Amino acid sequence: MTPAVTPLFATSLAAGSIRNEVRLNAELHTAVMAQFALETRAKPSRPGESWRSQEEMALWAGSGAQRLRRLLVTAADRLTIDIGRKSAPRYEWHCFLHAHVARAGEAVTAKHRPDAFWAGLCFLDNGMADVDQPLAGGEIEIEDPRLPVTIMEAPQLRLRLDLNAPITYHETARIRPAKDQLLLYPAWLRIDHLAFYGPGERTWVTIDLVARRHAA
Amino acid sequence: MLSFRVVPLFETSIYSMSLPDHVALDQALIRAILARRASTPSVLISNVGGWQSSQDMLRWGGPAAAALAGQVTDLCNRVVSRMHASGDPQVEWSCEMWANVNEHGHSNQSHWHPGSFLSAVYYVDNGYSGSPDPALGGELVFIDPRMPYLRMRTPDLRHVGADGTGDEQETWMRPQPGLLVMFPSFLSHSVRPYQGHGTRISIAINMIARDRTQ
C-alpha cells in the first residue's frame, strides 16, 4: 500500500510573461539603458557591482513603467485574497519599480522592501545573447523560508515529495531567467542572484507591491 | 491582462496511511494502554488533561507496540532518501513511543519534537463511536512553520496558491482508527479539545535517525 503524501503550507511563486504586451519590453529596455548611461556617467557603479537605478522608475521610465505598473496592480488584485473584505476593496496597491543592469562577473545585492506584500522580477534581457548557455550561471535562487530547520536534525537525509517518483526535497529552487519572464513571490522570501558570466548585459526590473489599507 | 501560473514551493509533506487489518492490533494496543494507565500516573508534557505515558511504550506495550514500531520504521525508510544516493537511506532508526488517552475536554497544546527527524501518530480509537459530528473535536492540528511572519504586516491578506485559494496558517486532520500520520518533527502541532464522551486513544512516536555510515 502506498502512503498518501499531503503537501501543506506551500509558498506561492507566480510565473508569468510580458511577451504578449506589445512593445512593452522594448519600451522599458530603451528607458532603462538610457537611465543606466545617464546615472553611470554621473557616478559610475563601484567596481564589481551591478547597477541599480537610484530613482524609482516612475520618475524617469515614462509610459512603459506606467503600463507595467497597471499590469502588476491588476495581477496583485488577482493573486491576493482579503479575507476581511465585505464589498469595496479595503486595500490599495502601491507599486515601486527599480531597474538593474549586470555584466559578466558583477555582483547583485538583493534588496528587500519590508513593507511589501508581493515582490517580483521582470527580465527584459537575460544577457545570454539569445543562446542557452547553462555554464554562464546567473540563475535566481529562492531559499526555503523554513530554513535551516529542514536540514538541522539529519543534514544527510531528504524527505521524498513523491513516493512514486524520485523527487526529493531541496532547500532552494533555481530558475534560469528568460527574456520577458515575470516572477511574483511573497516579499519576505529570500532571493539570490547566482554569479552571472553571460556575454551580454542582464537587464531587469525589481518590483515591490505594497498593500496600503484605505482609511476607515 | 497578464496570465500567471502559480507554482507551489517548499511544501511541508505529511505522509498518511491506513494500516491494513488494524482491528486486532488496535484491540491489543488498547488492552496494553489501559492496563498501563491503571497502574501508572500520567506525565505532564503537552497534554492538557488526559493521561500520557512515558516514552518507553516499547518496553511495556508488548508485541502490538513492536509491530506498530515496525510499520513506522518501514514508512520512514519509504519517505526518506539519502542525499546524492538512491536506495537504502542507510539510517538506523531509534523509536520513542508513548500513549495518549484523552477524555471529554482534554487536548494537547502546540509543540514540536526537537532531537527527532520524523514524528508520527497512530490512532487506536478516535472516541467518536462512528459519529461524523465535527463538534466532537479532537482533530490533529498542523501549524504553518512560516508563522508568524506570514501574517505580521497585513494579517487579512493571503497569497493565492496553486489551487486558487488563499494560504491558511493551520490545517486540521480528523483522526480515524487505524490511521498512521507521519510528519517532520520540526512541524508544530496540537490536538483540539475532544468533546465526546468516549475515550480517545492515540500513540505518538518519535523516530531518531542515526547515520549507519558513520
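Is A:Trp188 buried, partly exposed or exposed? In this predicted model, A:Trp188 is partly exposed, with a relative accessible area of 23% (buried means under 20%, exposed over 50% and partly exposed in between, with a 1.4 Å probe and protein chains only). Local features need pLDDT of at least 70 and side-chain atom pairs pLDDT 80 or more, whereas totals for chains, interfaces and linings use all residues. Residues are numbered from 1 along each chain as its sequence is written, chains are lettered from A and ligands numbered from 1 in the order written, and side-chain values use heavy atoms, without hydrogens and water.

Rings of Phe, Tyr and Trp (its six-membered ring) pair if their centres lie within 6.5 Å, planes under 30 degrees apart being stacked, over 60 edge-to-face and the rest tilted. Seven aromatic pairs are counted by this rule over all chains. The pair of A:Trp188 and B:Tyr149 is edge-to-face, because the ring centres are 5.4 Å apart and the planes stand at 75°. B:Tyr149 is likewise partly exposed, at 34% relative accessible area. One aromatic cluster is formed by A:Trp93, A:Phe117 and A:Trp118.

Charges also sit over rings (NZ of Lys or CZ of Arg within 6 Å of the ring centre and within 35 degrees of the ring normal). A:Arg113 lies over the face of A:Phe96, 3.8 Å from the ring centre, and the charged end of A:Arg202 is placed over the ring of A:Phe196 at 4.4 Å from its centre.
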